[in-house]
Amino acid sequence: MKQRNWRKFFSRLVVAAAVAFFIAVAPLPTWTPNWFLYWQVPATIFVFVVYMGKVLIDTILFPRR
């Protein structure tokens, strides 16, 4: 049972990392505002880290969910 939880955690980690990578390197249209260009990658990484924390807490503290 525990191994399945960790397997699920790592699969979510891989999917989230792939989505974050593609969002961070996605080409943007030329009309994108400059302020967004400076915040695209940091905001993506922040959301990725917060999501991974949530998934890790769910995996460790609530394994039967």
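Burial is assigned from relative accessible area, with residues under 20% taken as buried, those over 50% as exposed and those in between as partly exposed (1.4 Å probe, protein chains only). On this scale Val-19 is partly exposed, at 45% relative accessibility, and the residue belongs to helix 1, where helices (H or I, at least four residues) and strands (E, at least two) are DSSP runs numbered from the N terminus. The structure is a predicted model, in which local features need pLDDT of at least 70 and side-chain atom pairs count only at pLDDT 80 or more, whereas totals for chains, interfaces and linings use all residues. Residues are numbered from 1 along each chain as its sequence is written, and side-chain values use heavy atoms, with hydrogens and water left out.

Helix 2 contains 28 residues and spans 41 Å from its first C-alpha to its last, close to the 40 Å expected at 1.5 Å a residue, the expected span being 1.5 Å times one less than the number of residues. A bend of about 40° is found in helix 2 at Gln-40, and the proline Pro-42 follows within four residues; the bend at a residue is defined as the angle between axes fitted to the seven residues ending there and the seven starting there. The buried residues of this helix are Gln-40, Thr-44, Met-52, Val-55, Asp-58 and Thr-59.

One of these, Asp-58, is buried at 19% relative accessibility, and its side chain meets that of Lys-54 in a salt bridge with an N to O distance of 2.4 Å. The criterion is a side-chain nitrogen of Lys or Arg within 4 Å of a carboxyl oxygen of Asp or Glu, and a search of the whole structure finds one salt bridge. Because Asp-58 and Lys-54 are four residues apart in helix 2, about one helical turn separates them. An α-helix has 3.6 residues a turn, so residues three or four places apart point the same way.

A nonpolar surface patch is formed by Trp-6, Phe-10, Leu-56, Ile-57, Ile-60, Leu-61 and Phe-62, which together have about 680 Å² of accessible area. Helix 1 (2-25) and helix 2 (34-61) are the elements that give two or more residues to the patch, and helix 2 gives the most, with four. Patches are made of residues with over 30% relative accessible area and no salt bridge, with like charges joined within 9 Å and nonpolar side chains (Val, Leu, Ile, Met, Phe, Trp, Tyr) within 5 Å, and the areas come from the Shrake-Rupley method with a 1.4 Å probe, only the protein chains shown counting as cover for residues. Leu-56, in helix 2, is partly exposed at 33%, and Phe-10, in helix 1, is partly exposed at 45%. The C-alpha atoms of Phe-10 and Met-52 are separated by 9.9 Å, although the two residues lie 42 positions apart along the chain.

Aromatic rings of Phe, Tyr and Trp (its six-membered ring) are paired if their centres lie within 6.5 Å, with planes under 30 degrees apart called stacked, over 60 edge-to-face and the rest tilted; by this rule there are five aromatic pairs. Phe-9 and Phe-10 form an edge-to-face pair, at 5.1 Å centre to centre and 65° between the planes, and Phe-9 is buried at 9%. Ring pairs also link Trp-6, Phe-9 and Phe-10 into a cluster.
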